[in-house]
Amino acid sequence: MSESTEREPTVFERIVAGEIPSTKVFESERVLGIRDIAPKAPIHLLLFPKTAEYANVADLAAGDPALLAEIVGIAQQLADEHANGQYRLTFNTGADAGQTVFHVHAHVLADPTRTGGLTEGSL
Ligand code: AMP
C-alpha cells in the first residue's frame, strides 16, 4: 500500500481557488494581492504567487527569481496606490520568525497617514 503524500492546501491556495473569500487588491497571471484579515498597520496587504510550490522566500528566490522580482515590483506599485510609495516589505521565514502560512507571501505594510502606524517592530 502506498503512503499518501497529499497535504492540506494552504489558506492562500484556497483563496486562489475561490474557496475562501478575500478582498483582492491585485491580480495578474501569476500573483494575487489581498488585504490581510488581521491588519497590523493602517495598510497591510499580502502578495503571493498563485502556485503553492514555494513555502518561503528562499525557496522562491532559488526556484523562480523572476517571480520574486515581480512580487517586489507589485509591492511598490501597491504602495504607490495605497500609500505614499513608502512601505515595509516582510517575508516571515520559518515558524520561529512568525511564519504561520507556508506558502510564500510578502507583507506590504504602510501608513499613508504618517501617524506612526508603522512603528519599528510592529510586525
Ligand atoms: P505569516 O504569519 O507571515 O505566515 O502571515 C500570514 C498572514 O496571513 C497573517 O498576517 C494573517 O493575518 C493572514 N491571513 C490568514 N488567513 C487569512 C485570510 N483568510 N485572509 C487574509 N489574510 C489572512
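Leaving aside its neighbours within four places in sequence, Leu60 is in contact with Tyr54, Pro65, Leu67, Leu68, Ile71 and Val104, where contact means heavy atoms within 4.5 Å. The model is a predicted one, in which local features need pLDDT of at least 70 and side-chain atom pairs count only at pLDDT 80 or more, while totals for chains, interfaces and linings use all residues. Residues are numbered from 1 along each chain as its sequence is written, and side-chain values use heavy atoms, with hydrogens and water left out.

**The nonpolar cores**

Leu60 also belongs to the largest nonpolar core, which has 21 residues, and Val31, Leu47, Leu60, Ile71, Leu78 and Phe91 are the members that touch the most other members. A nonpolar core is here a set of buried Ala, Val, Leu, Ile, Met, Phe, Trp, Tyr and Cys residues joined through side-chain atoms within 4.5 Å. Buried means under 20% relative accessible area, exposed means over 50%, and partly exposed lies in between, using a 1.4 Å probe and protein chains only.

Which helices and strands supply at least two residues each to this core? They are strand 1, strand 3, helix 2 (57–63), helix 3 and strand 5, and the largest share, six residues, comes from helix 3. Helices (H or I, at least four residues) and strands (E, at least two) are DSSP runs, numbered from the N terminus. Apart from this core lies another, of seven residues, among them Phe12, Ile15, Leu32 and Ile34.

**The sheet and the helix on it**

The strands form an open sheet of five, in the order 1-2-3-5-4, with antiparallel pairing; two strands pair if DSSP finds at least two bridges between them. Strand 1 (24–27) and strand 4 (88–90) stand at the edges, each with a single partner strand, so one side of each is left without a neighbour in the sheet. From one strand to the next, the twist averages 20°, and such angles run from 0 to 180 degrees between N-to-C directions, with axes that are lines fitted to C-alpha atoms, for helices over the stretch in contact.

Helix 3 (residues 65–82) packs on the sheet and touches strand 1, strand 2, strand 3 (43–49), strand 4 and strand 5 (106–110), and its direction makes about 155° with that of strand 3. Glu81 has its place in helix 3 and is exposed, with a relative accessible area of 51%.

Strand 1 and strand 2 (residues 31–35) pair in the antiparallel sense over three bridges, and in strand 2 the bridge partner of Phe26 is Gly33. Val25 lies in strand 1 and, not counting residues up to four places away in sequence, touches Gly33, Ile34, Arg35, Leu45, Leu78 and His82.

Strand 5 pairs in the antiparallel sense with strand 3 over five bridges and with strand 4 over three bridges. Ile43 stands opposite Ala110 in strand 5, and the bridge partner of Thr90 in strand 5 is His107. Is strand 5 enclosed or open to the outside? Five of the five residues of strand 5 are buried, so this strand is largely enclosed by the rest of the structure. Ala106, Val108 and Ala110 point one way from strand 5, whereas His107 and Leu109 point the other way.

His44 lies in strand 3 and is buried, with a relative accessible area of 2%, while His107 in strand 5 is buried at 8%. Their side chains are joined by a polar contact of 2.8 Å, a polar contact being a pair of N or O atoms within 3.5 Å; within protein, one must be able to donate a hydrogen and the other to accept it, and residues adjacent in sequence count only if both atoms are side-chain atoms. The side chain of His44 also reaches the backbone nitrogen of Lys40 at 2.9 Å.

Of the 17 residues around the ligand, Asp36, Asn92, Gly98, Thr100 and His107 come nearest, where a residue counts as near if one of its heavy atoms lies within 4 Å of the molecule or strand in question.

| Residue | Distance to a ligand oxygen atom |
|---|---|
| Lys40 | 3.4 Å |
| Asn92 | 2.9 Å |
| His105 | 2.9 Å |
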